[in-house]
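Let us take a friendly walk through a protein model. Have a look at the picture first, and then we can go through some of its contacts together.

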Amino acid sequence: MKMKKEILLGMVMLSGCFLSCQGQQHRDALPDEEKVEMAPNEVVDVPSYKIENGRIMPTDGKPMIVDFSATWCPPCRQLKPIFEKLAEEFRGRITFVTIDVDENPELSQAYGVQSIPMMVFLNKDGQIQNTIVGFQDRDQLLAAINTYFGF
């Protein structure tokens, strides 16, 4: 429930910024002789899933790996950089989500989390393909990704 509120708050804030910036012209444009190289606009990641009936549902048509973990858990902390690098590597093809079990007890219970880290592999329709409990190194996760998602 807390995650839903945070997602909604973020979306409201983002849409408010968008609406307030729409239609405004850049009055301080530089003359042609003073062109400056500007950094490209940053893309804000919009949540690519929703929580529906106590389940995580992908909304972007991509498979998803959900990492149930906690900040106090040593194996979870060990897994975090591996999970983040794989998220970058598979950006646009697989969605990677981390759920803190302490902040989301209902969702953790709905997925039967009894030990962490626990990764749930969901297909694009939100159906569970597999669950892996315990620390996994990069090669083990790549093998699972290949097995369940064919990448």
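A residue is called buried when its relative accessible area is under 20%, exposed when that value is over 50%, and partly exposed in between. Lysine 50 has a relative accessible area of 39%, so lysine 50 is partly exposed. Please keep in mind that this is a predicted model.

**The overall layout**

The protein chain contains four helices and six strands. Reading from the N terminus, the order of these elements is α-β-β-β-α-β-α-β-β-α. Of the 151 residues in the chain, 33% are buried. The chain exposes about 10,400 Å², and 52% of that comes from carbon and sulfur atoms. What about contacts along the chain? Among contacts between residues at least 6 apart in sequence, 65% join residues at least 24 apart.

**Charged partners**

How many salt bridges does the structure hold? There are four. Three of them are listed here, with the distance between nitrogen and oxygen.

| Residue | Partner | N to O distance |
|---|---|---|
| Glutamate 52 | Lysine 50 | 3.2 Å |
| Glutamate 88 | Arginine 91 | 2.8 Å |
| Arginine 138 | Glutamate 89 | 2.3 Å |

Let us begin with the salt bridge between arginine 138 and glutamate 89. Arginine 138 belongs to helix H4 and glutamate 89 to helix H2, so this pair ties together parts that are 49 residues apart in sequence. Arginine 138 is partly exposed at 35% relative accessibility, and glutamate 89 is partly exposed as well, at 38%.

In the salt bridge with lysine 50, glutamate 52 has 35% relative accessibility and counts as partly exposed.

**Aromatic pairs**

A search of the whole structure turns up five aromatic pairs. One of them joins phenylalanine 90 and phenylalanine 151, with ring centres 6.0 Å apart and 65° between the planes, an edge-to-face arrangement. This pair links distant parts of the chain, since its two residues are 61 residues apart. Phenylalanine 90 sits in the loop between helix H2 (74-89) and strand E4 (95-100), while phenylalanine 151 sits in the segment after helix H4 (138-149). Phenylalanine 90 is buried, at 6% relative accessible area, whereas phenylalanine 151 is partly exposed, at 34%.

Now look at phenylalanine 121 and phenylalanine 149. Their ring centres are 5.7 Å apart and their planes meet at 40°, so the pair is tilted. Phenylalanine 121 is in strand E5 (residues 118-122) and phenylalanine 149 is in helix H4, so the pair ties together parts 28 residues apart in sequence. Phenylalanine 121 has 0% relative accessibility and counts as buried. Phenylalanine 149 is also buried, with a relative accessible area of 15%. Together with Tyr148, Phe121 and Phe149 form one aromatic cluster.

**A buried aspartate**

Next comes aspartate 100, which lies in strand E4. Is aspartate 100 buried or exposed? At 16% relative accessibility, it counts as buried. A polar atom of its side chain lies 2.8 Å from the backbone nitrogen of aspartate 102. Leaving aside residues up to four places away in sequence, aspartate 100 touches Ser69, Ala70 and Thr71.

**Two backbone details**

Most residues other than glycine have a negative phi, and most peptide bonds are trans. With that in mind, here are two places to look up in the model.

Which residues does a cis peptide bond join? The residues are isoleucine 116 and proline 117, and omega is about -5° there. Proline 117 is in the loop between helix H3 (105-110) and E5.

Asparagine 53 has a positive phi of about 55°, although it is not a glycine. You can find asparagine 53 in the loop between strand E1 (49-52) and strand E2 (55-58). Its relative accessible area is 76%, so asparagine 53 is exposed.

Technical notes: Residues numbered from 1 in each chain as written. Predicted model: local features only at pLDDT ≥ 70, side-chain atom pairs only at ≥ 80, totals over all residues. Heavy atoms only, no water. Phe/Tyr/Trp six-rings, centres within 6.5 Å; stacked < 30°, edge-to-face > 60°. Buried < 20%, exposed > 50% of the residue type's maximum accessible area, 1.4 Å probe, protein only. Salt bridge = Lys/Arg side-chain N within 4 Å of Asp/Glu carboxyl O. Contact = heavy atoms within 4.5 Å. Areas by Shrake-Rupley, 256 points an atom, 1.4 Å probe, with all protein chains shown as cover. Polar contact = N/O pair within 3.5 Å; in protein donor to acceptor, adjacent residues only side chain to side chain.
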